[in-house]
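Q: I have a structure open and would like to go through it piece by piece. Can you help me read it?

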Amino acid sequence: MNPIAWLFDAQLVIGDQVILWREIVGNAFGLASALGGLRRKVWAWPVGIIGNALLFTVFLGAVFGTPNPVNLLGQAARQVMFIIVSIYGWIQWSRNRHGDAAAPAVTPRWATRRERVLLVVLLIGGTLALTPIFRALGSFEPVWADAWIFVGSLLATWGMARGWTEFWLIWVAVDIVGVPLLVSAGYYASALLYLFYGVFTLIGFVTWMRVQRRAEAANEPAAT
């Protein structure tokens, strides 16, 4: 059997619940990408792109005829957004290594006050703007949650590409809304991964913050 065709159709049945294996595999690639991002490795971006492509087909259940007929348009659209922004991040991090393949791809830093304000405005404003659009397209209720996840994911991925330590906290905000939405929509594998991400992102935030502090201490002028 064609492995791609098998992956597209394969299902895991647990009791009366049917979970697509591509939802599990796609989220596994997403987890691997997050681990790579924690370690500031360039390979995190292409690995994430593979997971995004798989999950795009999962969240358009009604379009692809999957066991779950619920369309989460924000979830599906964010996979396309992830791919686009990940290409940008892949290029940015590759340039930052300056030819040293073993070196970390980025040095974490705090966003400036202006950048933080911009993130908050874009998160709230983008959610308000996209909610009626997603509702008109027939996204699953509550639609604002789907819009919040989409906008937050965009900003978190952009922040990761820029090397802002705060991007981990944006993921926490996404996960808090994402877990109950995915459970109510029947995407249990993704909901479980979001729950795990909630813990993982806090670890990532602390890790990047420590790396940032060590870098800042190393750059401080010696006392005279």
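Q: Which residue does Arg-109 form a salt bridge with, and how far apart are the closest N and O atoms?
A: Arg-109 forms a salt bridge with Glu-115, and the closest N and O atoms are 3.3 Å apart. A salt bridge here is a side-chain nitrogen of Lys or Arg within 4 Å of a carboxyl oxygen of Asp or Glu.

Q: Before we go on, what kind of model is this?
A: This is a predicted model, in which local features need pLDDT of at least 70 and side-chain atom pairs count only at pLDDT 80 or more, while totals for chains, interfaces and linings use all residues. Residues are numbered from 1 along each chain as its sequence is written, and side-chain values use heavy atoms, with hydrogens and water left out.

Q: Why would such a pair form at all?
A: Side chains of opposite charge can pair when their charged atoms come close.

Q: Back to that pair. Is Glu-115 buried or exposed?
A: Glu-115 counts as buried, at 18% relative accessibility. Buried means under 20% relative accessible area, exposed means over 50%, and partly exposed is in between (1.4 Å probe, protein chains only). Arg-109 has 29% relative accessibility, so Arg-109 counts as partly exposed.

Q: How many salt bridges are there in the whole structure?
A: A search of the whole structure finds 3. One of them joins Glu-166 and Arg-116, with the closest N and O atoms 2.8 Å apart.

Q: What does that pair tie together?
A: Glu-166 lies in the loop between α7 (143–162) and α8, and Arg-116 lies in helix α6, so the pair ties together parts that are 50 residues apart in sequence. Glu-166 is buried, with a relative accessible area of 9%, whereas Arg-116 counts as partly exposed at 40%.

Q: What about Glu-141, which residue is its partner?
A: Glu-141 forms a salt bridge with Arg-135, and the closest N and O atoms are 3.1 Å apart. Glu-141 is partly exposed, with a relative accessible area of 43%. Arg-135 counts as partly exposed too, at 41%.

Q: You keep saying helix. How many helices and strands are there?
A: The protein has 9 helices and 2 strands. Helices (H or I, at least four residues) and strands (E, at least two) are DSSP runs, numbered from the N terminus. Along the sequence the pattern reads α-β-β-α-α-α-α-α-α-α-α.

Q: How do α8 and α9 cross?
A: Helix α8 covers residues 167–185 and helix α9 covers residues 188–219; their axes come within 8 Å and cross at roughly 165°. Axes are lines fitted to C-alpha atoms, for helices over the stretch in contact, and angles run from 0 to 180 degrees between N-to-C directions. The two helices are therefore roughly antiparallel to each other. For these labels, angles under 35 degrees count as roughly parallel, over 145 as roughly antiparallel, 65 to 115 as roughly perpendicular and the rest as oblique.

Q: And α6 with α7, what is the angle there?
A: The axes of α6 and α7 come within 8 Å and cross at roughly 140°. That makes α6 oblique to α7.

Q: New topic. Which residues form the nonpolar patch on the surface?
A: Val-120, Ile-124 and Leu-128 form it, with about 300 Å² of accessible area together. Patches are made of residues with over 30% relative accessible area and no salt bridge; like charges are joined within 9 Å, and nonpolar side chains (Val, Leu, Ile, Met, Phe, Trp, Tyr) within 5 Å. The areas come from the Shrake-Rupley method with a 1.4 Å probe, and for residues only the protein chains shown count as cover.

Q: Where is Ile-124 in all this?
A: Ile-124 lies in helix α6, residues 113–136. Its relative accessible area is 46%, so Ile-124 is partly exposed.

Q: Last one. How far is Phe-205 from Thr-165?
A: Their C-alpha atoms are separated by 6.4 Å, although the two residues are 40 residues apart along the chain. Phe-205 is in helix α9 and counts as buried, at 14% relative accessibility.
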